[in-house]
Amino acid sequence: MSELRPVTPLSILSKKLSELKDLGSKMGLEGELSKLIEECCALAQPLDQYLAEHSTKASPALIALEKHTNALDWEAAFQKGATSIRLEKEMLSGALEGQLLQMLVALTGTKRILEIGSFTSYASLAMAEALPEEGTLIACEYDPFAADFAQQQLANTPVGKKVKIQVGEALATLSALQKEGYSFDFVFLDADKENYLTYYQTILEAELLKVGGLLCVDNTLYMGQVYGAGEQTKNGAAIEAFNKAVKADPNVQKVILPIRDGLTLIRRIA
Ligand SMILES: C[S@@+](CC[C@H](N)C(=O)[O-])C[C@H]1O[C@@H](n2cnc3c(N)ncnc32)[C@H](O)[C@@H]1O
């Protein structure tokens, strides 16, 4: 199984520090500069592993789901037309974020969850595990192959029945949910980055998130591109615009957590 590509500010920084260290060795670097590089590596590189090792472990069902997702060759699936869009195993949110989402669901006493962009349903399953018996989660997923894969994984779990996957464009699903009068305590946004602002506006304007409810938004640091690291892509620019709009919105309280690729917690206060 191939290694995961670095897709977070910390993992990208760690990789660059390794390159810097190698370059220093090749150049015969010694003394203060070499010691400084060693100290930077020691600060950054073990952090992800430390966080994982000192947080609650994922359930066996979540571990199995991650293993199956990583075992699939997503690029081959795309090339032969099985998936409708290019997907990759790095999209899966993972153990640390899964634990945080579970904790937030439990602390807020959430009963109704909406997830936008569910891929193989790692976060759906993590959050469903923290829901009470009567709790439900609606997951919006564009790609039928990913949705089918997720459905098979969920079927093997004790809480899978709480999750309902809606296949198709999330905006169409949101519009249908609004018409049916749905309202959620908790929303997790993790779909196409270019539409983040539209999703945000829709969720609030259509009253899909209750006042007092929590919206968690993934990838809000976008590999550091939002604060000027690396070359900015279309997605990076969209997330930067999204962050600016949320910052300016007086109707929400917000905090960006530097966990993984950035997770913004947004509480609707008006
Ligand atoms: C980063 S992944 C989601 C990861 C997932 N939340 C997890 O915890 O593992 C993004 C997902 O959004 C889906 N997606 C992209 N555009 C979408 C759209 N317009 N409507 C619904 N889903 C979409 C992709 O197919 C992909 O599966």
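This report describes a predicted model, moving from its domains to its core, its ligand shell and a few individual residues.

**Domains**

The domain assignment of the chain gives domain 1, covering 9-52, and domain 2, covering 58-268. Taken over C-alpha atoms, the centres of domain 1 and domain 2 are separated by 32 Å. The contact between the two takes four residues from domain 1 and six residues from domain 2. On the side of domain 1 that touches domain 2, at least two residues are supplied by each of α1 and α3 (47-53), and by class this side has four nonpolar, no polar and no charged residues.

Thr56 has its place in the loop between α3 and α4. It counts as exposed because 11 other C-beta atoms lie within 10 Å of its own, where 12 or fewer is the cut-off for exposure. The C-alpha atoms of Thr56 and Leu96 are separated by 8.4 Å, although these residues are 40 residues apart along the chain.

Within helix α1 lies Gly24, which counts as partly exposed because it has 16 C-beta neighbours inside 10 Å. Leaving aside neighbours within four places in sequence, Gly24 is in contact with Leu29, Ser34 and Ile37. Gly24 and Leu204, by contrast, are 51 Å apart in space, C-alpha to C-alpha, and 180 residues apart in sequence.

In α6, the buried residues are Glu97, Gly98, Gln99, Leu101, Gln102 and Val105. The elements that cover these buried residues include α4 (60-71), β1, α7, β4, β5 and β7 (263-268). An α-helix has 3.6 residues a turn, so residues three or four places apart point the same way.

**The nonpolar core**

The largest nonpolar core has 61 residues, and of these Met127, Val187, Leu189 and Leu215 touch the most other members. Helix α7, residues 122-130, gives the most to this core, with seven residues. In soluble globular proteins, nonpolar side chains tend to be buried together.

Which residues is Val187 in contact with, leaving aside its neighbours within four places in sequence? The contacts of Val187 are Leu114, Ile203, Leu208, Leu209 and Leu215.

**The ligand shell**

The ligand is surrounded by 20 residues, of which the closest are Ser93, Gly117, Ala123, Tyr142 and Ala170. Both α7 and β2 (136-141) supply at least two residues of this shell. By class, the shell around the ligand has twelve nonpolar, three polar and five charged residues.

**Strand β4 and Asp185**

Strand β4 runs over residues 184-189, and Asp185 is found in this strand. Is Asp185 buried, exposed or partly exposed? Asp185 counts as partly exposed because it has 18 C-beta neighbours inside 10 Å, whereas a buried residue needs 20 or more. Leaving aside neighbours within four places in sequence, Asp185 is in contact with Thr108, Thr110, Lys111, Arg112, Lys210 and Gly213. The C-alpha atoms of Asp185 and Leu214 are separated by 6.4 Å, while the two residues are 29 residues apart along the chain.

Ser121 is not a glycine, yet it has a positive phi of about 75°. Ser121 is found in the loop between β1 (112-116) and α7, and it counts as buried because 30 other C-beta atoms lie within 10 Å.

Met223, which is not a glycine either, has a positive phi of about 60°. The place of Met223 is in the loop between β5 (209-218) and α11 (234-248), and Met223 counts as buried because it has 21 C-beta neighbours inside 10 Å.

Key
Residues numbered from 1 in each chain as written. Predicted model: local features only at pLDDT ≥ 70, side-chain atom pairs only at ≥ 80, totals over all residues. Core = buried A, V, L, I, M, F, W, Y, C linked by C-beta atoms within 7 Å. Helix = DSSP H or I, 4+ residues; strand = E, 2+ residues; numbered from the N terminus. Contact = placed C-beta atoms within 7 Å. Near = placed C-beta within 6 Å. Nonpolar A, V, L, I, M, F, W, Y, C, P; charged D, E, K, R; others polar. Domains from an automatic or database assignment.
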